[in-house]
Amino acid sequence: TAEAGAIEYTTPQLFFTNGGAQRQEIIQSQQSRVSSNFSKVNDTLANITGLTATLVAAKIYRFEAVLYTTSNIAAGVKFAISTSSTLTATSIIYESFGSAGGIPITPGTSRATALDTTVGNTTATTVTSVFITGLIVVNVAGTITVQFAQNATNAAESLVLAGSTFVVSEM
């Protein structure tokens, strides 16, 4: 009989029995955030300082990045999900959604099925929020990261603002 408040560990999952005697999995996640603005003045993608997670082989993970940006209207922004170590994926799918002041941007939505594929690229805005969500099946353990660059090289900097976040949860 399930008892409310019971905590149970069944490798590799952690469970909690709620007040209605319903056994629920406790999501195990990694969270990271940008602690100071990350600047780019060219169109070469680079790892955003702080937005990383270490993943284990033979596991499936769900991830979400919330990225607040500013840029010169001619420079814009673009992103990718990449690795900063030995990580390889059996499969990956991720998609971006963008808005400027709550209004969807163009191209706004873009999807990728390979690491290091650009998503969320736009030049027609100065203040943009980009949301990236996806799923990765890990083949070889390593680190996953969010990358950023200007969509078109411009001397005026484009920024990922402090407070942007990256959350990765094992499925």
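I looked up Phe63 and found a relative accessibility of 0%, so Phe63 counts as buried (under 20% relative accessible area, with exposed over 50% and partly exposed in between; 1.4 Å probe, protein chains only). I note that this is a predicted model, in which local features need pLDDT of at least 70 and side-chain atom pairs count only at pLDDT 80 or more, while totals for chains, interfaces and linings use all residues. Residues are numbered from 1 along each chain as its sequence is written, and side-chain values use heavy atoms, with hydrogens and water left out.

I then listed ring pairs (Phe, Tyr and the six-membered ring of Trp, centres within 6.5 Å; planes under 30 degrees apart are stacked, over 60 edge-to-face, the rest tilted). The count came to four aromatic pairs. For Phe63 and Tyr94 I recorded ring centres 6.3 Å apart and planes at 55 degrees, so this pair is tilted. Phe63 belongs to strand 7 (residues 60–70) and Tyr94 to strand 9 (residues 88–100), so the pair ties together parts 31 residues apart in sequence. Strands are DSSP runs of E, at least two residues, numbered from the N terminus. Tyr94 counts as buried because its relative accessibility is 1%. I also found Phe38, Phe79 and Phe148 linked into a cluster by ring pairs.

Next I examined Arg23, whose charged end sits over the ring of Phe15, 3.7 Å from the ring centre (CZ of Arg or NZ of Lys within 6 Å of the centre and within 35 degrees of the ring normal).

Finally, I placed Ile26 in strand 3 (residues 23–26). Ile26 counts as partly exposed because its relative accessibility is 32%. Leaving aside residues up to four places away in sequence, Ile26 touches Leu14, Phe15 and Phe16 (heavy atoms within 4.5 Å).

Technical notes:
Helices (H or I, at least four residues) and strands (E, at least two) are DSSP runs, numbered from the N terminus.
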